[in-house]
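Let's take a walk through this structure, one piece at a time. Have the sequence open beside the 3D view as you read.

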Amino acid sequence: MWLFLLSEILLFGGLFILYSAYRYKNPVEFHLAAWELNRLLGTLNTLILLTSSLTMALSIYSIQKGNRKGSVSFLIATIFFGFLFLIIKSAEWAAKIGHGIYPNSPRLLGRSKGEVVFYGLYYSMTGLHGLHVLVGILVLSVMLFLMMKGKINENRSIPLENSGLYWHLVDIIWIFLFPLFYLIT
Amino acid sequence: MTSKSVTSFYEPEGRYRGILAWIFSTDHKRIGLLYLISILFFFFMAVSLGFLMRLKLIAPGFNLMRPQLYNAFFTLHGVIQIFLVVIPAIPTIFGNFFLPLQIGARDMAFPRINLLSWWLYLSGAIIVLLSLFTGGGPVDTGWTFYVPYSLRTTVNVPLAVFGVFILGLSSILTGVNLVTTTHRLRAPGMTWFRLPLFVWGIYATAWVQILATPVIGITLVLIIIERFFGVGVFDPSKGGDPILYQHLFWIYSHPAVYIMILPAMGVISEVIPVFSRKRIFGYKAIAFSSIAIASVGSLVWGHHMFVSGQSDVASIIFSLLTFLVAVPSAIKVFNWVATLYKGSIDLKPPLLFALTFIFLFSIGGLTGLFQGALAVNMHLHDTYWIVGHFHYIIFGGMGFGFFAALHYWFPKIFGRMVDGKRATWAWGILFIGFNLLYFPMLVLGWEGMPRRYYDYPPQFHTLNLISTIGSWILIAGLILMFVNLFHALSKGEKAGSNPWGGATLEWQVPSPPPKENFEKIPVVEKGPYEFR
């Protein structure tokens, strides 16, 4: 599982390389474009995702202690936070698209090339991350189902732990995406 | 079922019967054979494409096919050979089959993920094939999918690229499986320095698979995103930089060369000591040079881009590292030769193929140093020299390593012996055909004939003709070899458990091996090459 996570990190690693290369080439444009992103929603999403990691860890902790009920509710909370993250994210995207800023839009192409690339990366990276959140939610839902059926219990909690690891990875990637796109301006 | 230990893994077992018992089997040996069949299928397909390309190039102005079709042919030849055949071949077929046997395990660490990898491999392959007949038709970008062309061409790039992405996922999962198996499932007493060198080769490869493949994964995903949404990350008209694509592509695709060659080197390190009846010379040096090749080899991708406009400093560093990676490769070659020295050599087909590996790989390696030198590279870049060079490495190296493995382990896999005389004939024809086919390419490239071109001026005619004739001889050799192997499946004499007198664990079990490999997990008390 750790090896798989390593490969996931390298997957995003390719994108981070692109980001740093383009930022180096277009520092001013990246500054301007990043200024436009909604920092409030970004921060909110960071908090939500961090909290979801906490509930995830608590869920694993509870099942290991034999507290199935607690574990189930913490897991449901995690899934809920995951959805909340996606809803806010899509609201953010919708607002940007509403302003006519989306890949290949005439408005965006009218801007400087650095900003076009910034938004290209913004949509690709957050999009791919969103996809990972979605996959994470699916995996956690399967875990929830298994837990309801009693197939995951205090003696057999490794699938849940691995799913938890995956969830934390998704969280960590966001921790890097957030400052890169929203904070460094 | 009186004595359970002699029931081979071919005997029906489990829930399913017939073909289902194979395609849903989690037994590492059955999965290895599934890979063998599928990979050979694609190998023949790609060889046919190569044959047609060579036929087209037999004379200047020869109109066998339209240029667009020719472009599709060399792309498909490359994509199929590289992603569907050469990269997976040895780790998935022989790694699957023999790694658990050699370390004294009953199966891989994750048998179900192993089966999943095969299914992913098959789906990826089918998607790649589907892309030929849907959308804008077969891809014509070359196997490298270089932007911006791959973004502009009207052919079905996204689907083909998606297929390769799935293949990459399969490759990562196989890598994870192989690394975990080597770490966790070694038999008692099987210390790291008692591992057969094949295991070391596969182990180093598996790490490269895990670490490098995700990078091409994201690169290919970006091509798809770019094709559908036009985000502009690689499109110069939108501020993107095509050079960055090349970087990301080669960050994977150069290490991929080592994914191809390292397992083959592992095979050679098995075959040579067994057929010279001598302990391998410099065990640790060979083992560590595998790791060294895997790590240094991951840092040399920029030598594909000397004329792409990267900075001179970067080029110099990449050139230096390229020369550096030749060192561990040479260490291996010297150790193999030293193992042969004063051994009692038994020139059986596996050894013949292994020796040919050393010969052809040395040519391939040395020509690689030529083009790794900055100034010479200017002259040789994108010429037939490159085509000749990498066929010497990939086909002469990995291909012949694969044939060596096939002949060496055939008795163990199928329980039958291969006819040695016919195999030797096939080897001789292959060797002549191979050199006739690829050596003229080196000369042609030196004289300036560019690669991938549809046609060429008359002064290149003779060498191209020789090369095309070589391709016929090569194919004749391939046919003879595979007919012979196929014949041995049913007609070969029965093989004992240890026909070659090998000392590694796979020769201690019956041929073909029983379902659970070992009746009792063995305790290892000596190294893999102690014949006495």
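**A guided tour**

Of the 185 residues in chain A, 38% are buried; a residue is called buried if 20 or more other C-beta atoms lie within 10 Å of its own, exposed if 12 or fewer, and partly exposed in between, with C-beta atoms placed from the backbone. Before going on, some ground rules: this is a predicted model, in which local features need pLDDT of at least 70 and side-chain atom pairs count only at pLDDT 80 or more, while totals for chains, interfaces and linings use all residues. Residues are numbered from 1 along each chain as its sequence is written, and chains are lettered from A and ligands numbered from 1 in the order in which they are written.

Let's stay with chain A. Its make-up is seven helices and zero strands, where helices (H or I, at least four residues) and strands (E, at least two) are DSSP runs numbered from the N terminus. The C-alpha trace of chain A spans about 60 × 30 × 25 Å along its principal axes. Contacts here mean pairs of residues whose C-beta atoms, placed from the backbone, lie within 7 Å. Among the contacts in chain A with a separation of 6 or more, 77% are between residues 24 or more positions apart.

Now look at H1 of chain A. H1(A) has 24 residues and reaches 34 Å from its first C-alpha to its last, close to the 34 Å expected at 1.5 Å a residue; the expected span is 1.5 Å times one less than the number of residues in the helix. Its buried residues include Leu10(A), Leu11(A), Phe12(A) and Tyr22(A). What do the buried residues of H1(A) pack against? They pack against H6 and H7 of chain A, together with helix H6 (157-184), helix H7 (197-229) and H8 of chain B.

That takes us to the interface, where 21 residues of chain A are in contact with 23 residues of chain B. On the chain A side, helix H1 (2-25) and helix H6 (113-148) each supply at least two residues. H1(A) gives the most, with eleven residues. Sorted by class, this side of chain A has 13 nonpolar, seven polar and one charged residues. For that sorting, Ala, Val, Leu, Ile, Met, Phe, Trp, Tyr, Cys and Pro count as nonpolar, Asp, Glu, Lys and Arg as charged, and the others, Gly among them, as polar.

Another helix to pick out in chain A is H3 (residues 39-64), which has 26 residues and reaches 38 Å from its first C-alpha to its last, close to the 38 Å expected. Buried residues in H3(A) include Gly42(A), Ile48(A), Leu49(A), Met56(A) and Ile63(A). Helix H4 (68-98) and helix H7 (158-183) of chain A are among what covers them. Just after H3(A), Gly66(A) takes a positive phi of about 85°.

Next, the nonpolar core. A nonpolar core is a set of buried Ala, Val, Leu, Ile, Met, Phe, Trp, Tyr and Cys residues joined through C-beta atoms within 7 Å. The largest one has 203 residues, and those with the most contacts inside it are Ile268(B), Val271(B) and Ala404(B). Helix H8 (residues 242-276) of chain B provides the largest share of this core, 22 residues. Leaving aside residues up to four places away in sequence, Ala404(B) touches Ile268(B), Val271(B) and Pro350(B), among others.

Thr424(B) sits in helix H14 (residues 420-446) of chain B. Is Thr424(B) buried or partly exposed? Thr424(B) is partly exposed, because it has 15 other C-beta atoms within 10 Å.

A cis peptide bond joins Val147(B) and Pro148(B), with omega about -5°, and Pro148(B) lies in the loop between helix H4 (111-133) and helix H5 (149-152) of chain B. Lys342(B) is not a glycine, yet has a positive phi of about 65°. Lys342(B) counts as exposed because it has 9 C-beta neighbours inside 10 Å.

Finally, confidence. The model scores ipTM 0.84 and pTM 0.90. Mean pLDDT, the predictor's confidence in each residue from 0 to 100, is 91 for chain B, with 98% of its residues at 70 or more. Over residues 1-5 of chain B, pLDDT stays under 50.

Methods
Two residues are in contact if their C-beta atoms, placed from the backbone, lie within 7 Å.
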